[in-house]
Amino acid sequence: MSQFANRVEVMSELAKNMDAYVQEYLNPIESNWQPSDMLPDSTQENFLNEVKLLQEAAKELPYDYWAVLIGDTITEEALPTYESWLMAMDSVNQVEDQGQGWVQWIRSWTAEENRHGNLLSTYLYLSGKVDMRAMAVSTQYLIADGFDIGTSSDPYRNFVYTSFQEMATNISHRRTASLAKQHGNPQLSRMCAQIAADELRHAKAYRRFVSEIFKLDPSEMMLAFADMMKKKIVMPAHFLREINGQKSSLFEHFSDAAQRIGVYTTQDYVTIMQGLIQDWEVEKITGLNDAAEKARDYVAALPARLERLADRIKIPELAYPFTWIA
């Protein structure tokens, strides 16, 4: 039985430690990396030469890699959707005072995340390999369309989603960093690695929030976890579409490209789920009601079931002609 009457009280309790969370999981702005640290400096005389070198290195990257990097960038650039979604959680504005607590976290997290799209989109522009208008149209559509990730305004479900999604983006950016290095592009590799490091810190923060909620409200948190696993974690760009404006299977083509080059696979989905179950010590949690016990059983058995399904998935071999790639 929870010692708190509702989610607002639980979130209020967690918010008491917000200064510590911000200090542990977010970097100080003044000392944090910025996109200009890793890009050619337009104020220097050798700017054009550095751009030429960047473009020469970009030529070595394969087609599917460009599709994934552009799709990742569009996903990062849809940040306004993610901030407004988190700000709409039940209890956020009910436990705040002049931007403290959860508002403080969401704004500071957004500020760190904002650098990712800025860095990658500038690199893509300088690379000379991308139709920037087509990419911008896809980004605008993605923000305008929003997304439906099945969390409603419930902070428990939202934090399950962010715990999972931040790990997925960490994997994706970490793998694009590794592939860039293999193709002789250390500059791009460093960019992707820096973003991956941010995503890992953020993932640790959201996993920590869920761990604390499990201590305060175990049954409701377990039910929320199971519900999100039943719905499946959909990626933020699942409504992705191109310049013609038609809703299509574009996200599936993007996912196929990611699977073909091993950036993010079905097996990674299973691995992340296993990691969350282990990190939250789901099988050791006590004080659950009957419904939550059944939810725990469902969650514990799910990775093995999905593992069997993952083995049967076949990835299309043909590359889709993305309008983004010049």
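Reply: Start with one term. A contact means heavy atoms within 4.5 Å. Among contacts in the protein between residues at least 6 apart in sequence, 85% join residues at least 24 apart.

Me: What kind of model is this, and how are residues numbered?
Reply: This is a predicted model: local features need pLDDT of at least 70, side-chain atom pairs count only at pLDDT 80 or more, and totals for chains, interfaces and linings use all residues. Residues are numbered from 1 along each chain as its sequence is written, and side-chain values use heavy atoms, with hydrogens and water left out.

Me: How many helices and strands are there in the protein?
Reply: First, the general idea. Helices (H or I, at least four residues) and strands (E, at least two) are DSSP runs, numbered from the N terminus. Here there are 13 helices and zero strands. Read along the sequence, the pattern is α-α-α-α-α-α-α-α-α-α-α-α-α.

Me: How do I read the radius of gyration of the protein?
Reply: Compare it with a rule. The radius is taken over C-alpha atoms, and the globule rule is 2.2 Å times the number of residues to the power 0.38. With 326 residues, a compact globule would have a radius near 20 Å; the protein has 21 Å, which agrees. The C-alpha trace spans about 65 × 50 × 35 Å along its principal axes.

Me: What share of the residues in the protein is buried?
Reply: Take the cut-offs before the count. Buried means under 20% relative accessible area, exposed over 50%, and partly exposed in between (1.4 Å probe, protein chains only). Buried residues make up 55% of the 326 residues.

Me: How much accessible surface does the protein have?
Reply: Accessible areas come from the Shrake-Rupley method with a 1.4 Å probe; for residues, only the protein chains shown count as cover. The total comes to about 15400 Å². Carbon and sulfur atoms hold 50% of that surface.

Me: Which residues have the most contacts inside the largest nonpolar core?
Reply: In soluble globular proteins, nonpolar side chains tend to be buried together. A nonpolar core is a set of buried Ala, Val, Leu, Ile, Met, Phe, Trp, Tyr and Cys residues joined through side-chain atoms within 4.5 Å. The largest one here has 107 residues, and those with the most contacts inside it are Trp102, Trp105, Tyr123 and Phe225. Helix α9 (residues 186-216) gives the largest share of this core, twelve residues.

Me: What does tryptophan 105 touch?
Reply: Leave out residues up to four places away in sequence. Tryptophan 105 then touches Met18, Tyr21, Val22, Tyr25, Leu26, Ala205, Tyr206 and Phe209.

Me: How many positive and negative side chains are there?
Reply: Lys and Arg count as positive and Asp and Glu as negative; His and the chain ends are not counted. Each charge is placed at NZ of Lys, CZ of Arg, CG of Asp or CD of Glu. The protein has 31 positive and 45 negative side chains, and the centres of the two sets lie 5 Å apart.

Me: Is arginine 157 buried or exposed?
Reply: Arginine 157 counts as buried, at 19% relative accessibility. Arginine 157 lies in helix α8 (residues 155-182). Leaving aside neighbours within four places in sequence, its contacts include Arg7, Asp227 and Lys231.

Me: Where is aspartate 37 found, and what does it touch?
Reply: Aspartate 37 is in the loop between α2 (18-25) and α3 (47-58). Its relative accessible area is 43%, so it is partly exposed. Not counting residues up to four places away in sequence, aspartate 37 touches Asn32 and Arg190. Aspartate 37 and methionine 191 are 154 residues apart in sequence and 9.6 Å apart in space, C-alpha to C-alpha.

Me: What is the phi of serine 152?
Reply: Serine 152 has a positive phi of about 55 degrees, although it is not a glycine. Serine 152 is found in the loop between α7 (132-145) and α8. At 64% relative accessibility, serine 152 counts as exposed.

Me: Which residues does glutamate 283 touch?
Reply: Glutamate 283 touches Arg296 and Ala300, not counting residues up to four places away in sequence. Glutamate 283 is found in the loop between α12 and α13. Its relative accessibility is 60%, so glutamate 283 counts as exposed.
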